[in-house]
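These are my notebook entries on one chain, written down in the order in which I looked things up. The structure goes in ahead of the entries.

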Amino acid sequence: MKKLVIVLAVIAMAFAMSSCKKNGGATPTDATKSYYEMLKKEDFKGAVKSTYKYNKEMTADEKKKAEETVDALAEKISTAMSFTGGIKDFTVGEEAIDGEMATVKVKVTYGKGEEKEEEQQLKKIGDKWFIYDGDEVVNPNDAFGDINLDDESEEVADEKIADEE
């Protein structure tokens, strides 16, 4: 009986550890699928934490700054997604790798019906690939500014976030 309990505990711990590790992917395509799946499920914090900026090697101060910006970045993504109706579906296409950088084509169908083809940039850290949008963790209002809102929508989104703070 003791052996069974120990075996079950080890299996449960292994499962918990593997399911918590959302960051990165073995291939650029895997990392892209994971990222868009998080966006589709509205796991915006998970999406932020799957980026190169969040996973690159950092000093203690840089890591603290990254942790402090996760909520604000997730809120910015959430606000941007509200303008599109969120992600209804996506299809990952062709992958191109050039050293430690990669590009993956993605066709996204948004909740409000718009379809868009995107190229997702990725960067490799060790043996895993991460969504790449630059090296530095910066002001949350600038960090995910490439979500493709029109100027008026981006201003509204920034005002909404500022009002909530």
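Is Tyr52 buried or exposed? I looked up its relative accessible area, which is 11%. The cut-off for buried is under 20%, so Tyr52 counts as buried. I note here that the model is predicted.

**Entry: overall layout**

I read off the secondary structure and got seven helices and four strands. Along the sequence the pattern runs α-α-α-α-α-β-β-β-β-α-α. I then looked up burial for the chain as a whole: 37% of its 165 residues count as buried. The accessible surface comes to about 10100 Å², and carbon and sulfur atoms account for 51% of that surface. For contacts between residues at least 6 apart in sequence, I found that 58% join residues at least 24 apart.

**Entry: aromatic pairs**

How many aromatic pairs does a search of the whole structure find? I have three. I checked burial for both residues: Tyr36 is buried and Phe90 is buried.

I went back to Tyr52 for its ring partner, Tyr132. The ring centres of Tyr52 and Tyr132 are 5.2 Å apart. Tyr52 lies in helix H4 (residues 52-55), while Tyr132 is in the loop between strand S4 (128-131) and helix H6 (140-143). The pair therefore ties together parts that are 80 residues apart in sequence. Tyr132 has a relative accessible area of 18%, so I list Tyr132 as buried.

I also looked for rings linked into a cluster, and I found one made of Tyr35, Tyr36 and Phe90.

**Entry: a lysine over a ring**

Which residue lies over the face of Tyr54? I found Lys63 there, at 4.2 Å from the ring centre.

**Entry: strand pairing**

I took S1 and strand S2 (residues 101-110) and found them antiparallel, joined by nine bridges. Ile87 has Tyr110 in S2 as its bridge partner. The hairpin of S1 and S2 has two residues between the strands, and Gly99 there takes a positive phi near 65°.

I then took strand S3 (residues 115-125) with S4, which pair in the antiparallel sense over four bridges. Opposite Lys124 I found Trp129 in S4. The hairpin of S3 and S4 has two residues between the strands, and I noted a positive phi near 65° for Gly126.

**Entry: Ala66**

Where is Ala66 found? I placed Ala66 in helix H5 (residues 60-84). Its relative accessibility is 2%, so I count Ala66 as buried. I also looked up the C-alpha to C-alpha distance from Ala66 to Asn55, which is 9.4 Å. Ala66 and Asn55 are eleven residues apart in sequence.

Definitions and conventions:
Residues are numbered from 1 along each chain as its sequence is written. This is a predicted model: local features need pLDDT of at least 70, side-chain atom pairs count only at pLDDT 80 or more; totals for chains, interfaces and linings use all residues. Side-chain values use heavy atoms; hydrogens and water are left out. Rings of Phe, Tyr and Trp (its six-membered ring) pair if their centres lie within 6.5 Å; planes under 30 degrees apart count as stacked, over 60 as edge-to-face and the rest as tilted. Buried means under 20% relative accessible area, exposed over 50%, partly exposed in between (1.4 Å probe, protein chains only). A charge sits over a ring if NZ of Lys or CZ of Arg is within 6 Å of the ring centre and within 35 degrees of the ring normal. Contact means heavy atoms within 4.5 Å. Accessible areas come from the Shrake-Rupley method with a 1.4 Å probe; for residues, only the protein chains shown count as cover. Two strands pair if DSSP finds at least two bridges between them.
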